[in-house]
Amino acid sequence: MLTSNEIFSDAVRRAMKLKGLAQEDILARLGYSRRSLVDGFSFEKMCELEFLLDTSADVLWKIDSAEDASALLQARKVFEGRFCTAEAIDWAQRFPIRELQRLGHIRKTEGLTFNKRFKSGLLPREIMKFMGVASLDGWKKTYSFAMGTVNPHVYSAWIRLGEIQVDRPSSDFFISRDIIANNLKFLRRNALPLKENLRQIVIDTLRKCDIAVLEVPAFLMAPAPKVVCFWRGLQPVVQLPTGPMSDGEFMESVYHAMGHILQSHSKRPCLLAPKTVAGMIAAAKNGCIEANRVAESLLMTEAEECELICCGRFAEKACIEFFSRKFQIRPGIIVSRLQRLKKIRRDSPLNAFKMAV
């Protein structure tokens, strides 16, 4: 039985570095806790690690004896058999396969029968390789924050498209939360005159704060997510769908992600998806309620919100314009806030204040 140090040998660590993975990433993508990986470390677990690191187990642990080589060969057959199970086939079918093939992330399979594509394990294996996991449990654990949505497969694939674009920074990387908060306040106060270039200025400002900001096209199989934030090592990443959004929705989405990053010291990821009951429950578990409070306070202070509500004349265009000038805040943000507070309807004519950015 190998010890923890022997499991994470020098060869394993080198392979992890090439993949930009830390030990906590490995454990999540395998679907194990540290104890369950180390206790009873087997040849099947070796196969999972060699699949995840794309490096032969013979290289990772120097399998020399004929007996161990035979056991490893048998374990590989068992491991490959996982891709042919009914559970794996059903799992793979829920992904946006055609779009991933078009983007070149998984092998094209035109002309192959269903049996050759799925029952042979070809597509389940391709998708698991693209997702960077070694088991269904590893997928669920790594993308647990997407599991509460109605489209976990599609959203996790969208997040993965962003993950593979970001290199893991060195361990001495750090962010200044005070600088980020000050820049967010500055953007809020100076966003009023910006029209077509608001989105790009916000993105450029966040990048200057050492935050990776990605714009990734959403898949057609599900409604576009609003935003996701996750961490690559010690660097926070904000991922947005491409395409126009209203200025209020865009600012709220970005500030929500930033609120989560500012208040989270455990580096937990968060997905803000179209509202569903399951999604709201998942958001609560991920600490998104607290993040939303941070975001709302940065977009509009409690005093400003109280003054707006005390006015009571929500449906009047002049009211929105007055408070927009007074607070130096975009009218679309005020309309979005009033709609969330259920002070005006979602289909209100005041939606005309929401510019597309």
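What follows is a short walk through this protein, from its overall build down to one residue.

The model is predicted, so local features need pLDDT of at least 70, side-chain atom pairs count only at pLDDT 80 or more, and totals for chains, interfaces and linings use all residues. Residues are numbered from 1 along each chain as its sequence is written, and side-chain values use heavy atoms, with hydrogens and water left out.

Start with the whole. The C-alpha trace spans about 80 × 45 × 30 Å along its principal axes. The secondary structure comes to 21 helices and 4 strands. Both are DSSP runs numbered from the N terminus: helices are H or I with at least four residues, strands are E with at least two. Of the 357 residues, 52% are buried. Buried means under 20% relative accessible area, exposed means over 50%, and partly exposed lies in between (1.4 Å probe, protein chains only).

Contacts tell us about the fold. A contact means heavy atoms within 4.5 Å. Take the contacts between residues at least 6 apart in sequence: 70% of them join residues at least 24 apart.

Now look at the sheet. Its 4 strands form an open sheet in the order β1-β3-β2-β4, and the pairing is mixed. Two strands pair if DSSP finds at least two bridges between them. The edge strands are β1 (212-216) and β4 (270-272), each pairing on one side only.

Follow β3, residues 235-241. With β1, β3 pairs in the parallel sense over 5 bridges. A212 has V237 of β3 as its bridge partner, and L214 has Q239. With β2 (residues 227-232), β3 pairs in the antiparallel sense over 5 bridges. Here R232 stands opposite Q235. β2 and β3 form a hairpin with 2 residues between them. In that turn, G233 has a positive phi of about 65 degrees.

Is β3 covered or open? It is mostly covered, with 7 of its 7 residues buried. In a regular strand the side chains alternate between the two faces of the sheet. In β3 both faces are covered. Q235, V237, Q239 and P241 are buried on one side, and P236, V238 and L240 on the other.

Next come the cores. In soluble globular proteins, nonpolar side chains tend to be buried together. A nonpolar core is a set of buried Ala, Val, Leu, Ile, Met, Phe, Trp, Tyr and Cys residues joined through side-chain atoms within 4.5 Å. The largest has 65 residues, and those with the most contacts inside it are I26, L53, W61 and M131. Apart from this core lies another, of 51 residues, among them F314, C319, F327 and V335. Back in the largest core, look at I26. Leaving aside neighbours within four places in sequence, I26 is in contact with F8, M16, L21, L49, L52 and L53.

Finish with T142. This residue lies in helix α12, residues 136-142. Is T142 buried or exposed? T142 counts as buried because its relative accessible area is 14%. The T142 side chain reaches the backbone oxygen of G138 at 2.7 Å. That is a polar contact: a pair of N or O atoms within 3.5 Å, where, within protein, one must be able to donate a hydrogen and the other to accept it, and residues adjacent in sequence count only if both atoms are side-chain atoms. Beyond its neighbours within four places in sequence, T142 is in contact with A28, R29 and V133.
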